[in-house]
Amino acid sequence: MIEEALSLPGYRITAAEDGQQALQLFSEKEGWDLVVLELMLPKVDGLTVWDENFLKDENVINVTIRRLREKIEDNPSAPVYIKTVWGIGYKMGTGEAE
């Protein structure tokens, strides 16, 4: 379901069935543009996957979102696909301005 929501022309989506497979994918490739993790993944939970791979820098999420917006948004300063929810995080938009 989330694969369909994130599908855009020219982008490839790689999905893992569980946290163990996600760790394997991360070990095989660097430079992911976007990572969406389920907290309750089977075998290895999403927080463990995230901690082992990404939390080396506190700004990694902000930088990743900014770079992704630069790639997919017509105007990254006024995003319509990846919206900021202040105090919570980010959510996928409909592609239409609010």
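Modeller: A salt bridge is taken here as a side-chain nitrogen of Lys or Arg within 4 Å of a carboxyl oxygen of Asp or Glu. The model is predicted, so local features need pLDDT of at least 70 and side-chain atom pairs count only at pLDDT 80 or more, while totals for chains, interfaces and linings use all residues. Residues are numbered from 1 along each chain as its sequence is written, and side-chain values use heavy atoms, with hydrogens and water left out.

A search of the whole structure finds two salt bridges. In one of them, aspartate 18 pairs with lysine 43, and the closest N and O atoms are 3.5 Å apart. Because aspartate 18 sits in the loop between α1 and α2 and lysine 43 in the loop between α2 and α3, this pair ties together parts that are 25 residues apart in sequence. Helices (H or I, at least four residues) and strands (E, at least two) are DSSP runs, numbered from the N terminus. Aspartate 18 counts as buried, its relative accessibility being 12%, whereas lysine 43 counts as exposed at 65%. Buried means under 20% relative accessible area, exposed over 50%, and partly exposed in between (1.4 Å probe, protein chains only).

The loop that holds aspartate 18 also contains alanine 15, between α1 (2-6) and α2 (19-28). Alanine 15 is partly exposed, because its relative accessibility is 39%. Leaving aside neighbours within four places in sequence, alanine 15 is in contact (heavy atoms within 4.5 Å) with Glu3, Gln21 and Leu25. Its C-alpha lies 9.3 Å from that of valine 36, a residue 21 places away in sequence.

Leu25 returns among the buried residues of α2, which also include Gly19, Ala22 and Phe26. Seen down the axis of α2, the buried residues fall within an arc of 115 degrees, so they line one face of the helix; the arc is that of the directions from the helix axis to the C-beta atoms. An α-helix has 3.6 residues a turn, so residues three or four places apart point the same way. The face of α2 turned away from the buried side carries the exposed residues Ser27 and Glu28.

Leucine 39 is exposed, since its relative accessible area is 54%. Together with Met40 and Leu47, Leu39 forms a nonpolar patch on the surface, with about 380 Å² of accessible area in total. Such patches are made of residues with over 30% relative accessible area and no salt bridge, like charges being joined within 9 Å and nonpolar side chains (Val, Leu, Ile, Met, Phe, Trp, Tyr) within 5 Å. Accessible areas come from the Shrake-Rupley method with a 1.4 Å probe, and for residues, only the protein chains shown count as cover.

Leu39 is also one of the contacts of glycine 46, alongside Leu37, Glu38 and Leu41, once neighbours within four places in sequence are left aside. Glycine 46 belongs to helix α3 and counts as buried, with 2% relative accessibility.

Helix α4 (residues 60-72) has 13 residues and reaches 18 Å from its first C-alpha to its last, close to the 18 Å expected, where the expected span is 1.5 Å times one less than the number of residues. Its buried residues are Ile65, Leu68, Arg69 and Ile72. Viewed down the axis of α4, they fall within an arc of 105 degrees, so they line one face of the helix. These buried residues pack against β1 (82-85) and β2 (89-92).

As for the chain as a whole, its elements run α-α-α-α-β-β from the N terminus on. Buried residues make up 21% of the 98 residues.
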